[in-house]
Amino acid sequence: EATALEEYKGIEARTGDGRRIEVSANIGSAGEADGAISWGAEGVGLFRTEFLFMERPELPTEEEQYAAYRGVAEAFGNRPVIVRTLDVGGDKDLPGVSQPEEENPFLGWRGIRMCLDVPELFKPQLRAILRAARHGNLKVMFPMVVEVGEVRAAKALLDECRGELEGEGTPFGEVEVGVMVETPAAAICAASLAPEVSFFSVGTNDLVQYTLAADRGNERLTRLQSADHPAVLALIERTCEAARAAGIWVGVCGEAAGEPAMIPKLIAMGVTELSMSAPSIPRAKKIISET
Ligand code: PEP
Ligand code: MG
């Protein structure tokens with residue numbers, strides 16, 4: 001089977017009825033880009049940027065972030081690279097940002113909530129992404145969104161950053177904006193979010209956790225850690241319907257994107273991009289081709 005899978009690495013996967021599905025990689029650091037390409041990644045559907053902020057005494061500078069995002073953008077050329085803005089909360093320390101001890105960090109001050117409250121944290125990241133966008137096909141997406149106001153506020157900050165860069169004469173590029181649908185609220189409100197963005201990316205890891213009220217890291221709850229649950233499927237379907245009505249595309253970047261049993265269901269609902277850990281890519285392309 002290993003050799004058989006090898007043949008799928010380089011293909012552009014299409015279903016039997018001709019639907020083209022983009023298969024991309026989730027990466028957690030700039031150094032993973034080349035490895036992802038060698039597994040057959042057609043882009044990056046989720047670039048987790050937390051690595052730049054963790055386990056270090058100081059926040060990363062804008063320059064440092066620019067270099068990291070630029071490196072990945074260049075590695076992928078004109079293929080899309082979706083940079084997810086910082087998604088940390090009370091379970092992880094951030095230098096220079098005083099975070100309250102929280103009893104429920106997964107329900108706490110995290111992701112877009114924290115970023116909107118601390119623009120001195122958020123804006124250097126947005127500026128770095130805009131600047132790096134000149135060197136490839138970068139998109140930006142916001143995590144943990146629960147309402148349209150958050151998306152509008154984040155886009156307003158992005159505009160503010162564009163204005164600043166322009167004023168300074170610092171070159172930058174265009175980026176499409178998307179949101180992660182990883183809370184039940186985002187899926188339920190997808191019709192109001194869709195007109196604000198160019199794409200949705202369903203984060204099934206958190207969507208499952210929040211929908212089924214089952215901690216994603218609790219080993220006793222493996223039965224409840226699958227997206228293959230009617231409630232989760234209904235939320236993904238609703239998300240796809242809202243996206244279709246607004247004319248935007250939907251990807252999936254949670255673990256479900258690489259699960260053989262889930263792939264045909266996601267495609268049936270209208271998902272056109274699947275992003276997963278790189279070693280799962282050849283098998284996913286094979287399954288798509290057999291769907
Ligand atoms: C998700 O929640 O499904 C996701 C892809 O993001 P993360 O695993 O980084 O929370
Ligand atoms: Mg998540």
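Predicted model: local features only at pLDDT ≥ 70, side-chain atom pairs only at ≥ 80, totals over all residues.
1. Shell around ligand 1. The residues surrounding ligand 1 are Leu 46, Arg 48, Asp 87, Glu 182, Gly 203, Thr 204, Asn 205, Asp 206, Cys 253 and Gly 254. By class, 4 of the shell residues are charged, 4 are polar and 2 are nonpolar.

2. Elements that supply the shell. Strand S2 (44-48) and helix H9 (204-211) each contribute at least two residues to the shell around ligand 1. The most comes from H9, which gives 3 residues.

3. The UniProt record. An unreviewed UniProt entry lists Arg 48, Arg 84, Asn 205, Asp 206 and Arg 216 under "binding site". Among the residues surrounding ligand 1 in the model are Arg 48, Asn 205 and Asp 206. The other two entries are taken up below.

4. Arg 84. This residue belongs to strand S3 (residues 80-84). Arg 84 counts as buried because 24 other C-beta atoms lie within 10 Å, the cut-off for buried being 20 or more. Beyond its neighbours within four places in sequence, Arg 84 is in contact with Leu 46, Phe 47, Arg 48, Thr 49, Met 141, Pro 143 and Met 180. Of these contacts, Leu 46 and Arg 48 are also in the shell around ligand 1.

5. Arg 216. This residue sits in the loop between H9 and helix H10 (230-246). Arg 216 is partly exposed because it has 17 C-beta neighbours inside 10 Å. Sequence neighbours within four places aside, Arg 216 contacts Asn 205, Gln 209 and Gln 225. One of these, Asn 205, is also listed by UniProt under "binding site".

Technical notes: Residues numbered from 1 in each chain as written. Chains lettered and ligands numbered in written order. Near = placed C-beta within 6 Å. Helix = DSSP H or I, 4+ residues; strand = E, 2+ residues; numbered from the N terminus. Nonpolar A, V, L, I, M, F, W, Y, C, P; charged D, E, K, R; others polar. UniProt positions renumbered as here; feature names shortened; annotations may be inferred. Buried ≥ 20, exposed ≤ 12 C-beta atoms within 10 Å, placed from the backbone. Contact = placed C-beta atoms within 7 Å.
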